[in-house]
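Keep the sequence and the structure at hand.

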Amino acid sequence: MTPREPRFDQAAKEMSSDYPAALPEVITSYLKAHQARDLDAAIERYTDDASVTDEGRTYNGPDEIRAWLSRSASEFSYTIEMTGSTRLGEDRYDVTHHLEGNFPGGKVDLHFRFTMRDGKIARLVIEE
């Protein structure tokens, strides 16, 4: 049996009305570690078979995710502010962030879409 890919394009009426949603501690501690560029703390929040999709590219497992985190932490300087969160289902959350920095365009609003499993992050999709 293959797990279904989570759908993040649900209509607003199908999503939880919690705003902002109470986020699991593993997500809030991951976001703090990500922002602090603490790679070890960030990696600990993922399952062993986790995947991250960012800018259309998917990174699988701790080694690829660590390399992605390291590269994204050093590529640009930016500020990040959480602007909201929504619970999309039992184990899925959408956390919105506003970024400003020296990357192309200088400003962007991103969705960090988390899928949880066994108390850890199993999948993260980052997109506009």
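**Salt bridges, a helix and a cavity**

In this predicted model, Asp-94 and Arg-113 form a salt bridge in which the closest N and O atoms are 3.4 Å apart. The pair ties distant parts of the chain, with Asp-94 in strand S4 (residues 92-101) and Arg-113 in strand S5, 19 residues apart. Asp-94 counts as buried because its relative accessibility is 8%, under the 20% limit. Arg-113 is also buried, at 9%.

Arg-113 has a further partner, Glu-127, with the closest N and O atoms 2.4 Å apart. Glu-127 lies in strand S6 (residues 120-127), 14 residues from Arg-113. Glu-127 is partly exposed, with a relative accessible area of 34%. Through shared partners, Asp-94, Arg-113 and Glu-127 join into one network.

The whole structure holds five salt bridges. One of them pairs Arg-117 with Asp-49 at 2.4 Å, N to O. This pair links strand S5 (residues 107-117) to strand S1 (residues 46-54), 68 residues apart. Here Arg-117 is partly exposed, at 36%, and Asp-49 is exposed, at 51%.

Turn now to helix H1, which covers residues 25-36. Its buried residues include Ala-33 and His-34. After H1 comes Arg-37, whose phi is positive, near 60°.

Ala-33, His-34 and Arg-37 are among the residues that line the largest cavity, which has a volume of about 40 Å³. H1, helix H2 (39-44) and helix H3 (61-75) each give two or more residues to this lining, and H3 gives the most, with three. By class, the lining has five nonpolar, two polar and two charged residues.

How values were computed:
Residues numbered from 1 in each chain as written. Predicted model: local features only at pLDDT ≥ 70, side-chain atom pairs only at ≥ 80, totals over all residues. Heavy atoms only, no water. Helix = DSSP H or I, 4+ residues; strand = E, 2+ residues; numbered from the N terminus. Expected span 1.5 Å × (residues − 1). Buried < 20%, exposed > 50% of the residue type's maximum accessible area, 1.4 Å probe, protein only. 1 Å grid on protein atoms, 1.4 Å probe; cavity = no way out; pocket = protein on both sides within 12 Å on 5 of 7 lines; lining within 4 Å. Points joined across faces, edges and corners; volume = space filled by probe spheres on them. Nonpolar A, V, L, I, M, F, W, Y, C, P; charged D, E, K, R; others polar. Salt bridge = Lys/Arg side-chain N within 4 Å of Asp/Glu carboxyl O.
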